[in-house]
Amino acid sequence: MSKYTVPTFSLAMLHPKYWCVLLIISISYLCSLLPYAIQIRLGKLVGRVVLSFMKRRTRTIKRNLELCFPDMTDAEREKLTKQNIENTGLALFETGMAWFWSNARIAKHTSVVGIEHIEKLKTEGRGALLIAVHSLNLELSGRAFGQYAQGMAVYRPNNNPCFDYFQLKGRSQGGHTLIHRKNVKFMLEALNNGAFMWYAPDHDYGRRRSTFAPLFAVENACTTTGTSLLADNTNCAIVPVVFVRDNDSGHYTLTIKEPMIDKFPKGDEHAGACFINKIVEEAIMAKPSQYMWLHRRFKNRPDGESSLY
């Protein structure tokens with residue numbers, strides 16, 4: 001399959017084994033109807049309550065912060081941890097916003113800076129790898145971008161077909177196209193044909209097609225070489241994108257940075273990973289409390305090195 005199309009709802013999804021998913025989606029939809037300020041408060045409360053029971057995830061957040069920011073004081077890391085826990089709960093509500101809000105409501109609460117870079121790439125017919133990171137509000141960033149241009153996103157199917165239906169439908173809002181993460185051929189064709197593809201190379205995806213490159217204070221972070229595969233075989237631009245929420249106003253801003261053309265170190269996977277990790281660092285530092293620190297980013301280590309967790 002070259003790409004995903006939005007599926008139709010099947011009566012089979014009403015089977016009792018999917019009722020839990022249907023209940024969660026229904027609650028998410030109803031919560032999305034609430035005033036935005038209430039959703040913010042509820043989201044932070046949910047984060048504090050849920051993460052209080054998920055001790056392992058909380059330990060992962062704290063450990064990642066220790067590894068990345070060893071020069072921070074204990075008090076600074078503790079404050080950042082508490083903010084991140086609240087934002088983790090808020091991410092559940094932000095997903096509902098992304099999937100169920102109207103375009104008018106999205107536009108009211110989001111702004112896009114740097115859209116002229118996308119317009120210029122359009123006129124040139126040049127595709128772009130939009131380098132994003134796994135911020136907790138990543139789902140909402142796609143909707144913000146969709147107000148101005150359609151894009152493509154690398155997609156991993158969910159094992160639950162009922163949840164997968166709603167996820168596909170939600171992420172396809174605005175006409176976005178989803179590409180199976182293993183279909184590299186279609187990705188290359190799309191980029192060569194001028195597509196804008198969302199790509200988040202900041203997680204630890206395993207040692208296959210990866211190298212170890214510095215990330216913050218961690219010297220050897222397992223980093224995908226997929227960016228090099230895509231950039232080496234196309235004429236696409238590398239375009240960093242950053243999506244953050246202002247802590248005071250609650251307004252979201254998607255910043256599309258100046259395209260990097262002929263700056264990516266082609267032909268050198270390790271240099272490419274180092275290049276991308278610098279972009280990742282800058283994006284995270286725009287609002288470190290809104291990053292997905294609960295992911296075990298440094299779980300894979302070079303041969304002979306012990307686990308960091």
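Buried denotes under 20% relative accessible area, exposed over 50% and partly exposed in between, computed with a 1.4 Å probe on protein chains only. The model is predicted: local features need pLDDT of at least 70, side-chain atom pairs count only at pLDDT 80 or more, and totals for chains, interfaces and linings use all residues. Residues are numbered from 1 along each chain as its sequence is written, and side-chain values use heavy atoms, with hydrogens and water left out.

**View A. The open sheet with mixed pairing.** The strand order is β1-β9-β8-β2-β5-β3-β4, a total of 7 strands. Strands are DSSP runs of E with at least two residues, helices are runs of H or I with at least four, and both are numbered from the N terminus; two strands pair if DSSP finds at least two bridges between them. β1 (110-113) and β4 (177-180) are the edge strands, each pairing on one side only. On average, neighbouring strands are turned by 25° against each other, direction ignored.

**View B. Strand β2 and its two parallel partners.** β2 is joined by 4 bridges to β5 (residues 196-199) and by 4 bridges to β8.

**View C. Strand β8 with β9 and helix α11.** β8 (residues 237-245) pairs with β9 (residues 252-256) in the antiparallel sense over 5 bridges. Valine 242 stands opposite threonine 255 of β9. Helix α11 (residues 269-286) lies across β2 (128-131) and β8, at about 20° to β8; axes are lines fitted to C-alpha atoms, for helices over the stretch in contact (heavy atoms within 4.5 Å), and angles run from 0 to 180 degrees between N-to-C directions.

**View D. Aromatic pairs.** The structure holds 14 aromatic pairs, defined for rings of Phe, Tyr and Trp (its six-membered ring) with centres within 6.5 Å; planes under 30 degrees apart count as stacked, over 60 as edge-to-face and the rest as tilted. Phenylalanine 9 and tyrosine 165 are edge-to-face because their planes stand at 70°, with ring centres 5.4 Å apart. Phenylalanine 9 is partly exposed at 36% relative accessibility, while tyrosine 165 is buried at 10%. The rings of phenylalanine 243 and tyrosine 252 are stacked, with planes at 5° and centres 5.4 Å apart.
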